[in-house]
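Please read the points in order, with the model open alongside.

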Amino acid sequence: MPDPAIDPATFQSLEALGERLPDILASPKDAGRLDLIVVRPDAGLREMPDRIAVNGPEGLPGDHWIRGSGYVNEDGSGDVNASVCIMMSACIRAIAGDDLATWAPAGDNLFIDMDLTPANMPPGTRFAIGSAEFVVTEMPHNGCQQFIDRYGRDACLFVNTGAGKEHRLRGVYARVITDGDIAVGDSVRKLS
């Protein structure tokens, strides 16, 4: 069982998280900011580089998705349509607080201050960070037992049910369509 990412005494209740929903949904629509980059070299391990060169075949080089840690192809390799996991900064902040180190265990690669709801960023939406371009894929991104262990049952219910599911608060999967460099603090620009 993974260690909690935050003190279990500070796990947010479903009611408290629901009260934060308006703030989460007020995230920027067309132009945001990259707040955190996370590379997962293996299960449970996290690296938080300030910058990284991303590419189509690997997503974030060194990340374990490529070895089939999530969605897998018939040959056991990772599905490129799930190569980059992204979560809204406002949502993880509501769950885990302001300390970026407590965000990394969520299991996402990029945390961005931008609206990732289906109404704003449906599958097929192209966006840029730094000199790289990405596209949102149709792969569903859901909370799991590890998310419960790290942030509490109510946090997982918040992102996986009701308004959380409707607004895709657990986040999205994307893939790199134009190789490039990204860095913490870069603007995130919706392209289409």
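1. Two strands are said to pair if DSSP finds at least two bridges between them, while helices (H or I, at least four residues) and strands (E, at least two) are DSSP runs, numbered from the N terminus. The model is predicted, so that local features need pLDDT of at least 70 and side-chain atom pairs count only at pLDDT 80 or more, whereas totals for chains, interfaces and linings use all residues. Residues are numbered from 1 along each chain as its sequence is written, and side-chain values use heavy atoms, with hydrogens and water left out.

2. The sheet is a closed barrel of 7 strands in the order 1-4-3-7-6-5-9, with mixed pairing. Neighbouring strands of this sheet are turned by 40 degrees against each other on average, direction ignored; axes here are lines fitted to C-alpha atoms, for helices over the stretch in contact, and angles run from 0 to 180 degrees between N-to-C directions.

3. Strand 3 (residues 84-88) and strand 4 (residues 110-113) run parallel and are joined by 3 bridges, with methionine 88 standing opposite isoleucine 112 in strand 4. Helix 2 (residues 89-96) packs on the sheet, where it touches strand 1, strand 3 and strand 4, and its direction makes about 70 degrees with that of strand 3; contact means heavy atoms within 4.5 Å.

4. Strand 9 (residues 187-190) runs antiparallel to strand 1 (residues 31-37), to which 3 bridges join it, and glycine 32 stands opposite valine 188 in strand 9. Strand 5 (residues 126-129) is also antiparallel to strand 9, again with 3 bridges, and here phenylalanine 127 stands opposite lysine 190.

5. The count comes to 8 salt bridges, a salt bridge being a side-chain nitrogen of Lys or Arg within 4 Å of a carboxyl oxygen of Asp or Glu. One of them joins aspartate 115 to lysine 29, with the closest N and O atoms 2.5 Å apart. Aspartate 115 lies in the loop between strand 4 and strand 5 and lysine 29 in the loop between helix 1 (14-25) and strand 1, so the pair ties together parts that are 86 residues apart in sequence. Aspartate 115 is buried at 3% relative accessible area, whereas lysine 29 is partly exposed at 38%; buried means under 20%, exposed over 50% and partly exposed in between (1.4 Å probe, protein chains only).

6. A salt bridge also links aspartate 63 and arginine 40 (2.6 Å, N to O), and both residues are buried.
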